[in-house]
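Q: I'm new to reading protein models and would like a close look at one single part. Could you pick a spot in this model and walk me through its surroundings?

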Amino acid sequence: MTVRVSEGKRAERRLGWLLCAPAAIVMVAVTAYPILYSVWLSLQRFDLKFPDEREFVGLSNYITVLSNEYWWTAFGVTMLITVVSVAIELVLGMGLAVVMHRTLVGRGLVRTSALIPYGIVTVVAAFSWRYAWTPGTGYLANLFSDGAPLTERASSLAIIILAEIWKTTPFMALLLLAGLALVPDDLLKAASMDGATAWQRFVKVTLPVMKPAILVALLFRTLDAFRVFDNIYVLTAGANETSSVSMLAYNNLLRGLNLGIGSTMSVLIFISVAIMAFIFVKLFGTAAPGREEGRR
Amino acid sequence: MADIVLDKVSKKYPDGTVAVRDVDLEIADGEFVILVGPSGCGKSTILNMIAGLEDISSGDLRIDGERVNDKAPRDRDIAMVFQSYALYPNMTVRENMAFPLRLAKLDKATIDEKVNDAAKVLELTALLDRKPANLSGGQRQRVAMGRAIVRNPKAFLMDEPLSNLDAKLRVQMRTVVSRLQRRLGTTTVYVTHDQTEAMTLGDRVVIVRAGAIQQVGEPQQLYDHPANLFVAGFIGSPSMNFLHASVADGRLRTALGDLPIGSRVRGLLSDAPENLIIGIRPEHFEDAALVDEAARAKGTEFEAPVELVESMGSDKYVYFTVEGERATSAELEELAADAGASDLPTGGGANLVTRLSAESAVKEGENWRVWVNLEKIHLFDPSNGRNLTLHEGRAAGVTAE
């Protein structure tokens, strides 16, 4: 059976496409093209130091990267930073969100001051952390350590994670705050009538109800954290095996000028991020941003 | 099960607004009490204070003889049903109903038994494993009731539990609620803004206006003997007709003509102001042609143009416009605003709604003779709304000797 579409309906649909077109064209120009171009580059041997040796090599770059221990070390570092920082951010962000949600007096002030770290440019914040941890002149270094914490692997990673958390907890809190606002007051009242303590209300009612918001917040932050770059670049520049995958890709692309290998790494990061997003959306049922959450 | 006593309970917000003013109310064990009033009158605030969801600014609240002002809701052993039902969306019907029992740390077998029993009473057994999102409005409402009855609390509080249902289901659920309450015999406080619900459900009805109780009584008593203009106008549908009246030469001058005043009422009116408001319920009118001689003597007749006839089958609602002043008072304006009537065009003169027998041959556009029963008329003082014909709590019309 063919569905007959009325003239008005068709005109409306055409208008819809026309209205979408500018955004779609810009998207294709600034994202689709670079992605496809990276994929194309990643399939070639292409080192700007030896431009004459450029040739199509298929998946050989991928074999090179995936069998390289530097890649896997960086991958491990990235995963560590991602998991630890996102986990801590979730807890702290939730605490901050609850405080912001509950605050009645000076609400604006509390929210604004909580957001300051997020408003500071990452590189600037990273430099202030670096100075703070520099032995001799830095206040934190003098306070907590007698060595040079940014020259050792474990402490460097801890400081990188600390900088990440400090910077993005407010963002997490803001996303969670939106989720908290979605929990109907009546539900919490009902729970307290049913005999729940404040903690039970939080764990058994608030958290499950705002689960979609939590998952969206985790998704955003995980994808963001996996691409960690600025903090590492400023704090350690990847020394003592503190490189993230982004850092490694950057070094190969812009320092080593090896477009083939660098692009391969970029594509692998892209794939990793896509897999994580897939896991979040499919396995945990995270509502994709913008989709109606009609699952009450 | 328990009695609930409110002793001079008030609610004052930090910004100085007084939501509830010195409410005195004694709710007996097992009684079904309805709090009714227009939106924003403070009835929900009273309920929330009983629940413990809002602090009491002053006065005492006693449940089962014990002062509970400072007890947390969970320590008061009271269950509440919310207008939004407030079902936990992440839990199945079974888990929703078991929630208060699980928090009370009952063992699993007892919980299962109680949940199954409650589900049977409310016909929810087939729905136990569904999530609230997959239930209809009426089913959700029943689950909310189930969650309340499952733990056998001292009292039920219901905050407009039927307001989110469509009209037909609301009428059905009304009987469900009523039967359930009778069967369980649990003290119940029920808040509604719907006077029909109030009249049909409760043992006693409490009429609240602007944070203060106007009158407490059995539904019929409130209907027959309203203490003031507000109660008179709030209870009854279609509502009572109000006309301007003045006392002159021992008679009442109204838009319906001059009405005789009996000696008893004359006594009651001795210190009343000259200008009054007369209140007549729609059913106290009748087509003059259908009134027999004996009844005719109890009332008076007048003639007015018929504006509109609504035939309800069992009777006819006939609308008249009569010449004369419209009754005005703060209470009436508030009632009109609550009913949304302040937005309606009113035209000149005073409007009259009457309920005549179905046999009446009344026709739109014609002048018709209508009889009015003077034994059922109320007189109100427009300045404070007090019912002047009320004597020892009872009203007996204007002609009583």
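A: Happy to! Let's begin with a rule we will need: a residue is called buried if 20 or more other C-beta atoms lie within 10 Å of its own. Please keep in mind that this is a predicted model.

Our spot is Leu122(B). Find helix H3 (108-121) and helix H4 (137-149) in chain B; Leu122(B) sits in the loop between these two helices. Is Leu122(B) buried or exposed? Count the C-beta neighbours inside 10 Å and you get 21, so Leu122(B) is buried.

Which residues does Leu122(B) touch, once we set aside its neighbours within four places in sequence? The contacts are Arg142(B), Met145(B) and Gly146(B). Look back at the helix ranges and you will find these numbers within helix H4 (137-149) of chain B.

Now let's step back to the part of chain B around our residue. A UniProt record, an unreviewed entry, gives residues 4-235 of chain B the feature "domain: ABC transporter". That span is 36% helix and 25% strand, and its end C-alpha atoms lie 25 Å apart.

Chain B also has an open sheet for you to trace. Six strands build this sheet, in the order S6-S7-S8-S3-S9-S10, with mixed pairing. At the edges are strand S6 (78-81) and strand S10 (212-217), each of which pairs on one side only. From one strand to the next, the twist averages 20°. Within the sheet of chain B, strand S3 (residues 32-36) and strand S9 (residues 204-209) pair in the parallel sense, over four bridges. You can check one pairing by eye: Ile34(B) has Val205(B) as its bridge partner in S9(B).

Chain A has 13 helices and two strands, and its C-alpha atoms fill a box of roughly 75 × 75 × 30 Å along the principal axes. Of its 296 residues, 34% are buried. Among contacts in chain A with a separation of 6 or more, 69% join residues 24 or more positions apart. Here too UniProt has an unreviewed entry, with "domain: ABC transmembrane type-1" covering residues 75-280 of chain A. That span is 79% helix and 0% strand, and its end C-alpha atoms are 19 Å apart.

Notes:
Residues are numbered from 1 along each chain as its sequence is written. Chains are lettered from A and ligands numbered from 1 in the order in which they are written. This is a predicted model: local features need pLDDT of at least 70, side-chain atom pairs count only at pLDDT 80 or more; totals for chains, interfaces and linings use all residues. A residue is buried if 20 or more other C-beta atoms lie within 10 Å of its own, exposed if 12 or fewer, and partly exposed in between; C-beta atoms are placed from the backbone. Two residues are in contact if their C-beta atoms, placed from the backbone, lie within 7 Å. UniProt positions are given in the numbering used here, feature names are shortened, and annotations may be inferred rather than shown by experiment. Two strands pair if DSSP finds at least two bridges between them. Axes are lines fitted to C-alpha atoms, for helices over the stretch in contact, and angles run from 0 to 180 degrees between N-to-C directions.
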